[in-house]
Amino acid sequence: MGEDLAAEYLTKNKYKIIDRNLELFCGEIDILAEVRGTIVIVEVKTVRGSGFGLAQELVRYKKQQKLKLLGRAIAQKYPTSTIRIDVIGVDFSCGMPAKIEHIINAVY
């Protein structure tokens, strides 16, 4: 559900969704999108409740390294494009509407 909301958010903000749940030899990309000529790898983190902290804080060192590896793989597929890695946190807390936070260029 978090990935669906993230994709909807991106589309509303003029991103073109290229693929979702893209399996590569080195891992999976939640959402692959394009905006203004930049290819964007989007990692989506979803939490329910306040006990876990912010969703985007769950993208720790090991996951960041995996995202960088995925970025290098995507750069081979799109050699003339700029590649960026974003994180979208989707927080479902206390029955409130989902809060979406988009961190652009979160991993570099």
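The model is predicted: local features need pLDDT of at least 70, side-chain atom pairs count only at pLDDT 80 or more, and totals for chains, interfaces and linings use all residues. Residues are numbered from 1 along each chain as its sequence is written, and side-chain values use heavy atoms, without hydrogens and water.

I begin with the overall fold. The protein chain has two helices and five strands, in the order α-β-β-β-α-β-β along the sequence. Helices (H or I, at least four residues) and strands (E, at least two) are DSSP runs, numbered from the N terminus. The C-alpha trace spans about 45 × 30 × 20 Å along its principal axes. Of the 108 residues, 39% are buried, meaning under 20% relative accessible area with a 1.4 Å probe, protein chains only. Among contacts with a separation of 6 or more, 51% join residues 24 or more positions apart; a contact means heavy atoms within 4.5 Å.

I turn now to helix α1, residues 2-12. Which of its residues are buried? They are Gly2, Ala6, Ala7 and Leu10. Seen down the axis of α1, these buried residues fall within an arc of 135 degrees, so they line one face of the helix; the arc is that of the directions from the helix axis to the C-beta atoms. In general, an α-helix has 3.6 residues a turn, so residues three or four places apart point the same way. The cover over the buried residues of α1 includes β1 (16-24), β2 (27-35), β3 (38-48), β4 (82-92) and β5 (99-107). After α1 comes Lys14, with a positive phi near 70 degrees.

Note on methods: Buried means under 20% relative accessible area, exposed over 50%, partly exposed in between (1.4 Å probe, protein chains only).
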